[in-house]
Amino acid sequence: LISLNKQMKLIEADGKRLLQEAGINVPAGVFVSMDGTVTGELPVAPFMVKSQVLQGRRGKNGLIVKCESTADLQQTLTALRDRLNGTPCAGFLCEPMMDIAAEWFVSVDVDRTSGELRASVSTDGGMGVENAVAFNVADVDARSFPDVIKDVIRRLSQLLVRADATHAEINPYAQVRDGSFVALDSKIELDDAAASRHPEWATLHALSPLGRAPTERERAYEQFLATAGHRGTFGKYLELEGDIALILSGGGASLLALDAMHRAGGRAANYLEVSGNPDPEKLRDAVKIALSKPGLRGIWMAGSFANFTDIQATCHAVLQAIEEAGLKIPVAIRRDGPNADTAQQETEAWAAAHNVSVLFHRADTSLESSARALLLNIV
Amino acid sequence: MNWPLFDATTQVLVQGITGKEGSRMTGWMIASGTNVVAGVTPGGAGKEVEGRPVFDTVAAAREKFPEAKTSCIVVPGAHVLSAVREGIEAGITCFQIITERVPVHDVLVMRKLAKEHGAVILGPSSVGYLQFPKFRLGYLGGQDPFATLKEGGLAVLSSSGGMANETVMALGRQGTGIRLAMAVGGDAIAGISLIEAVQIADARPDVTSIAIFAEPGNALLRGLINGTVKPSKPLAICLPGDALELLPRGLPYGHAGTVLGEEDPSLTEIRKSLSDAGYFCTARHDEFITHCATL
């Protein structure tokens, strides 16, 4: 699985592989690994060397450069590696120079308003989607674009369905002097929920979307996700700069809780969201990763009034993680739902037995109040 | 969009009834007054769950219970589309799908099927629906919702299942009556979108006002701001997400559909636009609940 914290944006080289499989013309590129290993025959010099990062504006940021001769390649790569300055990069794509006559912007994505596939087209290739005309892909035949553009829209639509992609963009889709068209860049995003039916995704490159290398704990969590199984929804773990560990439950409540902690003046050490009645042992393992961050001053387990999550089992798992981490810092739990009475009794008994300050808040204490109460307990 | 008017006589099927969640959910639904008549699990014919017969297919269940046209789906993500297809072919016209992480292209196919056959789908990732007169589909409201809830005219609509429950329970404790609550699910594409849920609630004569929990990225927000969605009833929105400013943009948080795009305005600006369009909008859930008493 390439999922890195559930983000499924593909680097240009992987995206172009999917374009090519969909019958869309791409330049004859050669992939060069970060350490400079060339995986094929380089294009005739001069050629372009393109850093395989997920960030946009690569040209402006000096991450796409011209290499004048094959002999200069390693020197060019050294300069690019310096310029990357820690930005996650999967390698480099070397492509021949092209003599361009015209550039288009073409994309197909899943339109959230209509619930259908939407095409966006503009004659201003190189610019963003804001200049594009958008329409339902089912209406492509009726549009007045050149046939070659209609054809690429149909192919991108088929690619989306077949590859379980949510977005496929070619910018620019360039017309070369001989009249033919070629995809000079690609932005493709896959649907993480469909991973189980795409074993071939294992061959794609995984890159952190954060613009920085993942931390030790983010990497550990990634390993953990690979073994977490299907029960419950283990969401993202992201490390932040604060000192209050957050264990969040419920997609909506996670946002409210993070907001509430920051409004109360606390700073989150991490974002960790786990929902949907998770397996207690897996939950304990996930929480232990978050609790291994040095310098924590408090722990907040916060979520909504659960519909079906077993509150006793989840609180028990979190307390176990705290115990195994050997932490004695203040804790607040703000949870309610099935078995919450038992959860509260057990938690209060655990707190007394382990001499740890634990506040147990039910649904009649707001997330705002719970966050403030925890911060007051931290000296 | 034709969301049915349910009551205690409405017959309901559960597809996936013999699973751990399927059987627990069936028990809770029956306890809160829903008339679950049968369940479906391939190979499960002859079994019973909570005293209800299990059939191999939806068609077999409907042969015995021809009035049952509503189905709750609790099957693994990869099987949800085929469960919906089977249900539609057997004449089911209303689905509630609790399963999370259903591929988005499967949801697009379901939406199309439903449209062609005049069916309606709540979910995937919908924790459920509840209403007065007492009736519910799925888990929404937990073990015993009607012990806390008060009857009234408010429709609670939410992209988050947990926050749908948090909201109805807080309203119940406050004494604010509700007519219905619908969790549409937090995925990027849903059978019933939050926009469609607003339209359903707005069209019902027994709903007097609307309370919405929404997350950044939901198409409803843009619709309300630019006026393409214009409900006639008083409407309040809880819209959290200021802390997303601390996190990288363009990635989903909490729910697959919760994304603050790189070019999107800040949450403060979005809330201001919603207020300017005439809606009460706050980041704080406690303020939202208090305001709902005044709607």
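With which residue of chain A does Asp106(B) form a salt bridge? In this predicted model, the partner of Asp106(B) is Arg197(A), and the closest N and O atoms of the pair lie 2.9 Å apart. In total, five salt bridges are counted between chain B and chain A. The interface also holds 19 residue pairs in polar contact, with both residues at pLDDT 80 or more.

On the side of chain B that touches chain A, the elements giving two or more residues are α1 (20-31), α4 (104-117), α5 (161-174) and α9 (285-292). Of these, α5(B) provides the largest share, seven residues. Classed by residue type, this side of chain B comprises 27 nonpolar, 17 polar and 15 charged residues.

The contact involves 59 residues from chain B and 53 residues from chain A. Together the two chains bury about 4300 Å², of which 57% is on carbon and sulfur atoms. Within chain B, the most area is lost to chain A by Arg101(B), His105(B) and Glu166(B), which together account for 15% of what that side buries.

In chain A, helix α7 (residues 311-325) was examined separately. Its 15 residues should span 21 Å at 1.5 Å a residue, and the end C-alpha atoms are 21 Å apart, so the two values agree. At the start of α7(A), a side-chain oxygen of Asp310(A) comes to within 3.1 Å of the backbone nitrogen of Gln312(A). Buried residues of the helix include Ile311(A), Cys315(A), Val318(A) and Ile322(A). The buried residues of α7(A) pack against several elements of chain A, among them β12 (244-249), α6 (280-291) and α8 (340-354). After the helix comes Gly326(A), which has a positive phi, near 70 degrees.

Terms used
Residues are numbered from 1 along each chain as its sequence is written. Chains are lettered from A and ligands numbered from 1 in the order in which they are written. Side-chain values use heavy atoms; hydrogens and water are left out. Contact means heavy atoms within 4.5 Å. Buried area is the accessible area (1.4 Å probe) that two parts lose on being put together, summed over both. A salt bridge is a side-chain nitrogen of Lys or Arg within 4 Å of a carboxyl oxygen of Asp or Glu. A polar contact is a pair of N or O atoms within 3.5 Å; within protein, one must be able to donate a hydrogen and the other to accept it, and residues adjacent in sequence count only if both atoms are side-chain atoms. Helices (H or I, at least four residues) and strands (E, at least two) are DSSP runs, numbered from the N terminus. Ala, Val, Leu, Ile, Met, Phe, Trp, Tyr, Cys and Pro count as nonpolar, Asp, Glu, Lys and Arg as charged, and the others, Gly among them, as polar. The expected span of a helix is 1.5 Å times one less than its number of residues. Buried means under 20% relative accessible area, exposed over 50%, partly exposed in between (1.4 Å probe, protein chains only).
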